[in-house]
Amino acid sequence: MTDHWAGRLHELATEERVPGATLAVWAGGRQSAAAHGVLNAATGVSATPDSLFQIGSITKLWTATMIMQLIDEGRLSLDTTVAQVLPGVRLPAGAAGGAGGAEAEITVRHLLTHTGGIDGDIFADTGRGADCVERYTAGLARAALIFPPGAAYSYCNSGFVLLGRIIEVLDGREWDESLRERLIRPLGLTRTVTLPEEAIVHRVATGHREHPHAGQPVSVWGLPRSIGPAGNIVASAGDVLTFARMHLDGGVTADGTRLLSAASVAAMPPPQVEIPSLGDRRDAVGLTWRLNRWSGGPVIGHDGGTIGQSAFLRADPRTGVAACLLTNSPEADGLFRRLFSEIFGEYAGLTVPAGPEPVTGPPAAGLHRHAGRYERTSRRYDVSVRDGRLHVSSSMTGDRAALSEDTTEEFDLHPADGTGEAFLGRMYDHQPWSALVFGRLRDHTPYMFTGGRITPRVG
């Protein structure tokens, strides 16, 4: 099994122009691992199955698991508000008005499901000290509230830093230390870390830039430490699967230690909120687990993206099959789709559905109604009409722009259906299509939804 998937990983990663990757597969009671390419195109150091990559937002599953452990311990509930557990924290003005902010309305459940409404992509660097998460959380008083808590879904990194702060306050220690004590050590993980000085003693990957600079390593290795609870775990693919298998086994480790109650394990995957999507992709979010409705049945998982790296985790609770793919490329979605379709097709009868494609026909009418500037923290979109099509100029802004060389993207939009509200875009021919949908919030503010996030129109 290892030789076969090692060969397929190498073949497909080469075709998809991914510099380096590792793959771990659990099927039939056995785990196998493989590696492809190099950890850094500049140094030529080879990737090995036990190499470490940044797993990005897959980290959110680990933070959510610790929150559920606290719920098991009776120290928290899904309906606990931020104000109740973090009494000194102030969030932006809430929908109910009054002197207080959204801290009195946003619950643990809102944070776990990305429905709190806080502008989510704040990448403020609050230092390397033990108080970095606390300082980040204090800065959220200056954030924007895009919609009332519970009114919509919009992916929110900031909410998971808040969850990390809740863990810190209740445990009386740094998030990193709670992670080590609650999950890393009990699971016996030897290749899972959170800090660069811990990662550097291992064989560790560096991210690479986007097309047309795909062979160039990035100049900034990782995200600020303050983002830790949302996306700063660095791990081997095998360690990530060991964590996932604990969930598949009902919250029990391989040596029989219970880390999470069976009830909490069962509560995390079921859909809480539908995620707007196009075509055959009908995804939902549970208590942080993503539910993907693939051809043949549902799977659970999560993706992760950092500076020049992409990570993918999927598991089928019905058969117990699981796979983790870690890459040092920001453009590995094609590799993920092709490879996981083969793996889950062989072992579980599941395949990743094809992505949406533009519809043919004349350009949609009334395109000028979508023109304008759409903006949220870290991202700005300028939409115009050119030659009968919508054209988008997308720019990273603020703290996020300082972390990347690739800060601007230009692409045309093509109709995804006949509504005139749903479109697809991409920058070059072999890139998968990305969906972009226009809509209105409850207060009638126009917005675009893309990349899982709501971005309001401004001006």
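Does Glu181 count as buried, partly exposed or exposed, and what is its relative accessibility? Point 4 takes this up.

1. Basis of the note. This is a predicted model, in which local features need pLDDT of at least 70 and side-chain atom pairs count only at pLDDT 80 or more, whereas totals for chains, interfaces and linings use all residues. Residues are numbered from 1 along each chain as its sequence is written, and side-chain values use heavy atoms, with hydrogens and water left out.

2. Burial of helix α7. Helices (H or I, at least four residues) and strands (E, at least two) are DSSP runs, numbered from the N terminus. Buried means under 20% relative accessible area, exposed over 50%, and partly exposed in between (1.4 Å probe, protein chains only). Helix α7 spans residues 175-184, and seven of its 10 residues are buried, so the rest of the structure largely encloses it. The buried residues are Trp175, Asp176, Ser178, Leu179, Arg182, Leu183 and Ile184. Viewed down the axis of α7, they fall within an arc of 155° (taken from the directions from the helix axis to the C-beta atoms), so they line one face of the helix.

3. Salt bridges. A salt bridge is a side-chain nitrogen of Lys or Arg within 4 Å of a carboxyl oxygen of Asp or Glu, and the whole structure holds 29 of them. Glu181 is paired with Arg185 at 1.8 Å, N to O. To answer the opening question, Glu181 is partly exposed, at 32% relative accessibility. Salt bridges with shared partners also join Glu73, Arg75, Asp171, Arg173 and Arg182 into one network. Within it, Arg173 and Asp171 meet at 3.4 Å, N to O; Arg173 is partly exposed at 29%, whereas Asp171 is buried at 16%.

4. A link between helices. Glu198 and Arg180 form a salt bridge of 3.4 Å, N to O. Glu198 belongs to helix α8 (residues 196-199) and Arg180 to helix α7, so the pair ties together parts that are 18 residues apart in sequence. Glu198 is partly exposed, at 23% relative accessibility.

5. Packing of α2 on α6. The two helices pack at an angle of about 40°, with their axes 10 Å apart. Axes are lines fitted to C-alpha atoms, for helices over the stretch in contact, and angles run from 0 to 180 degrees between N-to-C directions. The residues that meet include Met66 and Leu70 in α2, and Phe160 and Ile167 in α6.

Terms used
Contact means heavy atoms within 4.5 Å.
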